[in-house]
Amino acid sequence: MNLSVDIDKYSGFCNGVVNAVKKAERYLDTNKRLYSLGAIVHNSVEIARLQQKGLEIIDINRMKELKDDVVLVRAHGEPPATYKLAEERGVSIIDCTCPVVLKLQRDIAAKYKELKPLGGQILIFGKVGHAEVNGLVGQTEGEAIVVESPADIDKIDLSKPTALFSQTTKDINEYQQLIDSINDRGCKFFSAYNTICRQVASRYGHLADFARSHDVILFVSGTESSNGRVLFELCKKYNPRSYRVENGDDVKRDWFRENESVGICGATSTPRWQLEEIYYICKHL
Ligand code: SF4
């Protein structure tokens with residue numbers, strides 16, 4: 001089948017994930033095993049590759065059993081309690097918290113200190129239970145309220161001084177809608193901070209153009225990636241013939257017609273080699 005196939009040059013790992021994977025690989029070049037607190041990247045194919053090199057994913061309960069070991073903290077970051085636990089257990093941390101997330105953690109911690117004596121509150125727009133969000137809530141002694149959608153603000157007392165931050169990978173338009181709904185409620189002492197990662201935000205406009213300019217879009221991402229879900233929905237909005245695939249086996253020949261153009265793109269958790277693998281499969285259909 002003759003297809004014209006392009007890989008989106010802006011897709012692939014973001015800097016935070018590139019850095020974490022590089023650090024893990026460097027460590028595993030000279031060591032047999034490295035524990036990672038949670039999946040280093042939301043992509044099962046890439047995880048399997050790293051596991052072969054000796055990466056072992058653990059949760060916080062498993063970390064409580066370690067002693068004098070080495071644990072990688074991924075780009076999402078961790079709450080202060082994790083660092084305290086590491087100290088108690090003599091565990092060394094390879095800290096891969098993304099600088100963008102680290103700045104957000106610090107800003108939230110500072111705002112929490114400022115608002116607490118005034119009876120204020122911190123709101124975080126994000127997904128309940130998401131690792132980055134847990135790390136952010138941890139900056140406020142667990143007091144920050146996680147808001148998943150504008151509907152959630154009905155349950156919040158907005159007469160208090162309120163500061164709103166966003167998880168770095170949220171959709172900028174949804175964040176703006178939330179800010180508008182809070183402003184519409186007449187919250188007097190309200191400040192909102194644009195904390196969405198620029199690398200993610202800048203992909204939106206570009207990806208919309210990329211999706212529109214191809215007959216078929218193959219979006220390569222694991223189902224676990226929240227950034228992947230958001231970006232795939234965006235592709236579908238601009239090109240209904242968008243398909244999410246995780247590996248080569250997911251690609252179906254009957255999605256394409258002779259001489260069509262195919263665009264291959266992915267999430268911030270999709271490695272370049274995976275995009276290239278799908279490219280190769282499309283070229284040999
Ligand atoms: S999406 Fe942005 S903030 Fe999140 S890890 Fe990647 S570069 Fe860092």
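The structure is a predicted model. Around the ligand stand 14 residues, and the largest nonpolar core holds 46 residues. Helix α1 gives the most to the ligand shell, while α5 gives the most to the core.

**Ligand shell**

- Cys 14, Gly 16, Cys 98, Val 100 and Cys 197 come nearest among the 14 residues around the ligand.
- Two or more shell residues come from each of α1 (15–30), α5 (99–115) and α8 (198–212).
- The contribution of α1 is 3 residues.
- By type, the shell has 8 nonpolar residues, 6 polar ones and no charged ones.

**Largest nonpolar core**

- Ala 24, Ile 40, Leu 72, Ile 122 and Ile 124 touch the most other members of this core of 46 residues.
- The elements that supply two or more residues are the helices α1, α5, α6 (131–137) and α7, together with the strands β2 (34–37), β4 (70–73), β6 and β8.
- From α5 come 5 core residues.
- In soluble globular proteins, nonpolar side chains tend to be buried together.

**Helix α7**

- Tyr 175, Leu 178 and Ile 182 are buried in α7.
- Viewed along the helix axis, the buried residues of α7 fall within an arc of 60°, and therefore they line one face.
- An α-helix has 3.6 residues a turn, so residues three or four places apart point the same way.
- Turned away from the buried side of α7 is a face that carries the exposed residues Asn 173, Gln 176, Asp 180, Asn 183 and Asp 184.
- The cover over the buried residues of α7 includes the strands β6 (121–125), β7 (145–147), β8 (162–166) and β9 (190–192).

**Lys 170**

- Lys 170 sits in the loop between β8 and α7.
- Lys 170 counts as buried because it has 23 C-beta neighbours inside 10 Å, where the cut-off is 20 or more.
- Beyond four places in sequence, Lys 170 touches Phe 125, Gly 126, Tyr 175 and Ile 196; of these, Tyr 175 is a buried residue of α7.
- Lys 127 is 43 residues from Lys 170 in sequence, and their C-alpha atoms are 9.0 Å apart.

**Val 220**

- Val 220 belongs to strand β10 (residues 216–220).
- Val 220 is buried, with 33 other C-beta atoms within 10 Å.
- Leaving out residues up to four places away in sequence, the contacts of Val 220 are Val 245, Ile 264, Gly 266, Thr 270, Gln 274, Leu 275 and Ile 278.
- A separation of 9.6 Å lies between the C-alpha atoms of Val 220 and Ser 11, which are 209 residues apart along the chain.

- Most residues other than glycine have a negative phi.
- Glu 141, not a glycine, has a positive phi of about 55°.
- The loop between α6 and β7 holds Glu 141, which is partly exposed with 13 other C-beta atoms within 10 Å.
- Asn 259, also not a glycine, has a positive phi of about 70°.
- Asn 259 lies in the loop between β11 (242–245) and β12 (261–266), and it is exposed, with 10 other C-beta atoms within 10 Å.

Definitions and conventions
Residues numbered from 1 in each chain as written. Predicted model: local features only at pLDDT ≥ 70, side-chain atom pairs only at ≥ 80, totals over all residues. Near = placed C-beta within 6 Å. Helix = DSSP H or I, 4+ residues; strand = E, 2+ residues; numbered from the N terminus. Nonpolar A, V, L, I, M, F, W, Y, C, P; charged D, E, K, R; others polar. Buried ≥ 20, exposed ≤ 12 C-beta atoms within 10 Å, placed from the backbone. Arc of directions from axis to C-beta. Contact = placed C-beta atoms within 7 Å. Core = buried A, V, L, I, M, F, W, Y, C linked by C-beta atoms within 7 Å.
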